[in-house]
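Here are a few friendly notes to read alongside the model. They start with the pocket and then turn to the salt bridges.

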Amino acid sequence: MKLKHIILPIMAAFLLFTGCTKEEVYYGSQIQTYQFNINPAQWIRSEGANLPGANNYLYCSVDIPGIDGNVFENGTVQAYVWNVYDGQNNLGAWNTLPFIYPLEIYVNNDDGTQSLVVVPENLRFEWELGKVTFIIQDLDGYDPLALADGQTLSFKVCVTRNM
């Protein structure tokens, strides 16, 4: 009787393991990185009127052929802007978009003096098949030219696709 109790479980295990196959499937991702330096002349003004409260913004579109149907359906796109926070020591950091850029400008006062004012500029991006569009928009609705006129901005775009 003892033999029957040992043989039956061994046979059942044998049949169980011989009837199954293990198939390994690897799911992974590939990341492509693109970098763009956008100078002041490359920004295009939106068609909104240059009035407070209007849809005033600047944009610049760049082609990224790596944003294909696979990325559009299953992947992701992330963008960053390089922000120099210490110009004397040339120190900066990549900031994830959207990013509120603290633009410092001087305004003329009625008494002839100047005051430093910090204006928040919204930097963001949109992506579609084959293209990324960077957007600068002043948060109070005015024209955001001061940021785009002053310097070349560096952007990094990371495209993640499923393999």
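1. The largest pocket has a volume of about 160 Å³. A pocket here is an open set of points on a 1 Å grid over the protein atoms alone, where a 1.4 Å probe fits, with protein on both sides within 12 Å along at least five of seven lines; lining residues have an atom within 4 Å of a point. The volume is the space filled by probe spheres set on the points, which are joined across faces, edges and corners.

2. Please keep in mind that this is a predicted model: local features need pLDDT of at least 70, side-chain atom pairs count only at pLDDT 80 or more, and totals for chains, interfaces and linings use all residues. Numbering runs from 1 along each chain as its sequence is written, and side-chain values use heavy atoms, without hydrogens and water.

3. Among the residues lining the largest pocket are Trp82, Tyr85, Asp86, Tyr101 and Leu153. Strand β4 gives the largest share of this lining, five residues.

4. Two salt bridges turn up in a search of the whole structure, each being a side-chain nitrogen of Lys or Arg within 4 Å of a carboxyl oxygen of Asp or Glu. In one, arginine 161 pairs with aspartate 68, with the closest N and O atoms 2.8 Å apart. This pair links distant parts of the chain, 93 residues apart: arginine 161 lies in strand β9 and aspartate 68 in the loop between β3 (58–63) and α2 (69–74). Strands (E, at least two residues) and helices (H or I, at least four) are DSSP runs, numbered from the N terminus.

5. Arginine 161 is buried, at 10% relative accessible area, whereas aspartate 68 is partly exposed, at 28%. Buried means under 20%, exposed over 50%, and partly exposed in between (1.4 Å probe, protein chains only).
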